[in-house]
Amino acid sequence: MSTVALVLTGLVALIHVYIVLLEMLWWDTPRGRAAFGTSRELASQTKVLAANQGLYNGFLVAGLLLAMVGPSEHRFAFAVFTLGCVIVAGLYGAATASRKILFVQTVPAALALAAQFLAR
């Protein structure tokens with residue numbers, strides 16, 4: 001894996017670590033409510049749902065970590081699969097929740113995926 005592909009994949013992993021923290025731990029805090037534009041009441045009502053969503057984002061982090069440090073013969077497959085999942089999730093989120101997701105999630109993952117293929 002080239003340095004560029006590794007750095008971009010790592011960046012996507014870090015973005016998702018932050019999303020996990022926002023959704024699982026900080027959802028009903030001022031930071032979490034500001035990030036997702038929710039009121040105190042809505043955050044309180046949806047805290048369990050957000051934590052579940054955060055767990056799924058944690059699985060994306062796991063896949064990205066395997067893409068970077070897993071068995072060398074499987075890293076590319078982990079990268080393509082997981083970055084592809086991030087891209088699809090980002091496109092869906094941008095279409096249904098906020099266009100900001102396109103730039104925060106989808107674009108970095110697409111760049112990382114392109115770098116993975118160029119490094120091949």
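H1 and H5 pack with their axes 8 Å apart, at an angle of about 155°. The model behind these answers is a predicted one.

Q: Is H1 roughly parallel or roughly antiparallel to H5?
A: The two helices pack at an angle of about 155°. Angles over 145 degrees count as roughly antiparallel. Therefore H1 and H5 are roughly antiparallel.

Q: How many charged residues are in the contact of H1 with H5?
A: Let's start with who takes part: H1 brings Val4, Ala5, Leu8, Thr9, Val12, Ile15 and His16, while H5 brings Val104, Gln105, Pro108, Ala109, Leu111, Ala112, Ala115, Gln116 and Ala119. By class, twelve of the residues in this contact are nonpolar and four are polar. The number of charged residues is therefore none, as the division reads twelve nonpolar, four polar and no charged.

Q: Which residues does Ile15 touch, not counting residues up to four places away in sequence?
A: Ile15 sits in helix H1. Its C-alpha lies 7.6 Å from that of Gln105, although 90 residues separate Ile15 and Gln105 in sequence. Not counting residues up to four places away in sequence, Ile15 touches Val104 and Pro108.

Q: What is the handedness of the crossing in which H1 passes H3?
A: Here the axes of H1 and H3 come within 8 Å and cross at roughly 160°. That angle makes H1 roughly antiparallel to H3. As for the handedness, the crossing is left-handed.

Q: Is H4 roughly parallel or roughly antiparallel to H5?
A: The axes of H4 and H5 come within 8 Å and cross at roughly 155°. The crossing of this pair is left-handed. Because angles over 145 degrees count as roughly antiparallel, the crossing angle makes H4 and H5 roughly antiparallel.

Q: How many polar residues does the contact of H4 with H5 have?
A: Among the H4 residues that meet H5 are Leu83, Val86, Ile87 and Gly90, and among their H5 partners are Ile101, Gln105, Thr106 and Leu113. By class, 16 residues of this contact are nonpolar and no residues are charged. The polar residues number five.

Q: With which residues is Phe76 in contact, leaving aside its neighbours within four places in sequence?
A: Phe76 belongs to helix H4. Phe76 and Arg120 are 44 residues apart in sequence, yet their C-alpha atoms are 8.2 Å apart in space. Leaving aside neighbours within four places in sequence, Phe76 is in contact with Gln116, Phe117 and Arg120.

Q: Which residues that line the largest pocket are the closest to its centre?
A: The largest pocket has a volume of about 780 Å³. It is lined by 23 residues. The closest to the centre are Glu23, Phe36, Gln53, Ile101 and Gln105.

Q: Which elements give two or more residues to the lining of the largest pocket?
A: By class, the lining of this pocket has 14 nonpolar, seven polar and two charged residues. The elements that give two or more residues to the lining are helices H1 (3–24), H2 (30–36), H3 (40–69), H4 (75–96) and H5 (100–119).

Technical notes: Residues are numbered from 1 along each chain as its sequence is written. This is a predicted model: local features need pLDDT of at least 70, side-chain atom pairs count only at pLDDT 80 or more; totals for chains, interfaces and linings use all residues. Side-chain values use heavy atoms; hydrogens and water are left out. On a 1 Å grid over the protein atoms alone, a cavity is a set of points where a 1.4 Å probe fits but cannot get out, and a pocket is an open set with protein on both sides within 12 Å along at least five of seven lines; lining residues have an atom within 4 Å of a point. Grid points are joined across faces, edges and corners, and a volume is the space filled by probe spheres set on the points. Helices (H or I, at least four residues) and strands (E, at least two) are DSSP runs, numbered from the N terminus. Axes are lines fitted to C-alpha atoms, for helices over the stretch in contact, and angles run from 0 to 180 degrees between N-to-C directions. Angles under 35 degrees count as roughly parallel, over 145 as roughly antiparallel, 65 to 115 as roughly perpendicular and the rest as oblique. A crossing is left-handed if the near helix is turned anticlockwise from the far one by less than a right angle, and right-handed if clockwise. Contact means heavy atoms within 4.5 Å.
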